[in-house]
Amino acid sequence: MDDVAVGTLLASTLRVSVPLILCALAGCLSERSGVIDLGLEGKMLLTAFGAGAAAAVFGSLPLALAVALIVGVALSMLHGYACVSHRGDQVVMGMAITMTAAGLTVVLGIAWFHQGGQTPGLPDAVRLAPWFAPPAEWIDHAPPLLKALAIGLLGHNVMVYAALALVPLVWWLLARTRFGLRLRAAGENPAMVDAAGVSVQVLRYAALALNGVLCSLAGCYLVLAQNPSFIPHMTAGRGYMALAAMIFGKWQPVGALWACLLFGFLDAAAIRLQGVVLPGIGAVPVQAIQALPYVMTVVLLAGFIGRARAPKALGVPYAKTH
Amino acid sequence: MNSGGELPRWLDLVVLPLFNLGLALAVCGGVVLVVGLDPLQVLALLVQGAFGSRIGISYTLYYATTFVFTGLAVAVAFHGGLFNIGGEGQAMLGGIGTALVALALADQWPAWLVLPLMVLAAAVFGMAWAAVPAALQAWRGSHVVITTIMFNFIASALLSWLLINVLKEPGNMTVESRSFGPGAHVPALHEMLAGLGIEWPRSPLNLSVLLAAASAVLVYLLVWRTRPGYMLRAVGFAPEAARYAGIRPHAQIMFSMGLSGALAGLVGINEVAGTHGRLLLDYVVGAGFAGIAVSLIGRNHPVGIVLASLLFGALYQGGAELAFEIAGFSRDMVFTLQGLIVLFSGAMAQVAAPTLARAWFSIERRWRPAHG
C-alpha cells in the first residue's frame, strides 16, 4: 500500500466513524445515568430526516440543525417521560423509538417530497464544507508519512473534528465535573444520590437531553455531510453498531472512541479487502468483516477479553420511596 | 403506583390495553391526517382490503401465521424472565435450516418425509441461534438483550454470505438459492381446498397456518399446564424464590430461550418453504420485531397473541392493498403504527393507569350511595 492509499483509508475510516462516535457518546451519557438506550438508531434516523427535510424546504443550514436538535431532544424527553417519570421498560422504549422512526420517516418523506421517501438533493448552501484542506501542490511535495497523514486527517468537514473534540469533552464532563459524578452515581446507586438530596429524575433527564443533542449531530452528519440527501433507512444499523462500540469501550467515552474507530476501520476496509487473499486465512468474505464488530462485542460481553461492566443500576427505573 | 388504590382486574386487563391501543391508533390517525388522507377512509379501505375478499382473508392469515411464531417466541422468553430481541436472527436461521434440508433432500424424497424434517431443521436452527446468547447469559452473565441484537446482525451477515458464496446458482443475477424440489412443497390452502372440490383464489397461505395454531396450543399447554412450564414461569416471576425452590436457573434460561428460538425459527417454514420455495435475502423483513409488538398487545398469552397476530396480519394485508388503492399511501404507515403500538402498549403501558384509576374511583364513589 502506498501513502496515498493509507491516507484515503484513514480518511474513510474517520468519515464512517463519526456517526458511530457521536451515537456512542450519546449512549454513554444516558447509560451511565442508568437509562438503557436501544433507540440510538431511531433517534439518529428521525433527526437525519428532520435535518434533511428542513434543509430541503428552507435551504438553510441553521434551520436544518435547529430542527434536528428539536427532534432529537424531543425524542429523548419522550424517552425520559416513559422510562424515568413513568418507569416504563427501557428496552421496549428503545425498540419503540427505532420502529416508529423507521416507518414515520418513510411515510412523511413520501408525502412531503414524492420521491419514494427520499428528500431532494440538498443545495450546497446547507452542506458542510471541508476544513483545513491543504493545497494540492503542498500534498504532492510532502514526504510520504506526512502526505498520508495530510490526506487522512485534513480536509474533513467540521462535524468530523467536532465529534473528535466531543470525546474528551464528554470524558471531562463525566469524570471531572460535579454533574458527571452525580450522573454516574445515578447509574450506579440512585438511592444514594437521592439520599444526598439530588434528584435522580433530573439527572437522568439531563443525561437524556445531552443524548438527544448528540444523536441529532449524528443525524445531521448523515444528511448534511455524508450523503447528498435523506434516504429511507439510511442509518442502516449504525445506531446498534454504536451501541456495540459503547459496550466494547466499556461505557467509557475514550474506550468507545477507539471501538468506533476500529469498527469504522473494519467498515472502510471491508470493501477494499473483498476478494483479497490473506496469508494463512485465505480469501476473507466481506460479510465476515461486517459481522466482526458484533462478534467481538459478544466475545467481550462474555468476558473472554477483559470484562465489560455495565452501570449497576442500568435499566432499573428509580422509584423514590417515601 | 401513586394512584391510591389497585385497579380492578377487568380494568387492568381489558380497558387499559384497549385504551393504549386506541392511543396508538389515534396518533397514527393523526399521522394519516398530516399526510393529507382521511383516516376514516383509510380505515375502511384497510378493513375492506384485509377481510373484504377471500384473497384478502387468505393474505391476512398468511401474514398472521408468521406473527404467531415470532409473537410466541417473544412471549415464551418473557415468561422465563428474558427479553429475546433476536427473533429476527433466529427466524433467518430457521429459514437457512429449512432451505438446507429442502435443497439436500427434496429432489428425491417424498414430501411426507421432507416436510417434518424441514420443520425440525427450522426449529433446531432457530433454537441453536438462541442457545448461544442464552448460554452466555446463563454462565457468563452477558445481557441477553444486547447479545441477541448482535446475533441478528451476525445472522444477516451469515445469510448473505451463504446465499452469495454457497447457495446462489451460477448465472442467476438475483441473490437467491435455486428453487426447492417437489418434496419441499408445503401444500397451499387453495390446493388443499381444490382437492376437496372447493374453489379458492391463489395466495401464499399454506399449511404452516395449522402449524402456527398448533404451536399456540402447545405453548399454552406447555407453559401453563405442565411442570417444566411452571418452572419456566417461576424463574421469570421470582428468580430468587425459584432458585430457593431448587429450580436451576441456568437450565431454565437455556430452556426458555431454546423454545423461543425454535418458535422464531418456524417462520422459515411459512416464508421460505411455504411461500417462496427458495431461500432469499429478505424473507424475515422485520417479522422478529413485529413479534415484540404482537406479544405486547397479546399480553404474552397465546390467545392474545393469536388475536394480535390477526390484527397485525390484517394491518399488513390492508396496508399492502391501500398502497395500491391510494396514491401517496405507503405501507410504512403500518410499520409506524407497529412502532406506536410498542410505544403506547409497551413502554408507556402504565402511563395512563393512574388517570384511569382516578376516573374509575370517582365513578365508583358517585355510583355507590345511589345503590346503597
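Reply: In this predicted model, B:Arg299 sits in the loop that joins α13 to α14 (302–325) of chain B. Phi of B:Arg299 is near 50 degrees, which is a positive value in a residue other than glycine.

Me: Where does A:Arg87 lie, and what is its phi?

Reply: A:Arg87 belongs to the loop between α3 (61–85) and α4 (90–113) of chain A, and its phi, near 55 degrees, is a positive value in a residue other than glycine. Because A:Arg87 has 15 C-beta neighbours inside 10 Å, it counts as partly exposed.

Me: How many residues of chain B are in contact with chain A, and which elements give two or more of them?

Reply: On chain B, 37 residues are in contact with 34 residues of chain A. The elements of chain B that give two or more residues to this side are α5 (111–140), α6 (144–167), α13 (287–297) and α15 (332–347). By residue type, the side of chain B that touches chain A divides into 23 nonpolar, 12 polar and 2 charged residues.

Me: What confidence does the predictor give to the complex, and what pLDDT does chain B average?

Reply: For the complex, the predictor gives an ipTM of 0.91 and a pTM of 0.92, while chain B averages a pLDDT of 90, with 97% of the residues scoring at least 70.

How values were computed: Residues numbered from 1 in each chain as written. Chains lettered and ligands numbered in written order. Predicted model: local features only at pLDDT ≥ 70, side-chain atom pairs only at ≥ 80, totals over all residues. Contact = placed C-beta atoms within 7 Å. Helix = DSSP H or I, 4+ residues; strand = E, 2+ residues; numbered from the N terminus. Nonpolar A, V, L, I, M, F, W, Y, C, P; charged D, E, K, R; others polar. Buried ≥ 20, exposed ≤ 12 C-beta atoms within 10 Å, placed from the backbone. pLDDT = per-residue confidence, 0-100.
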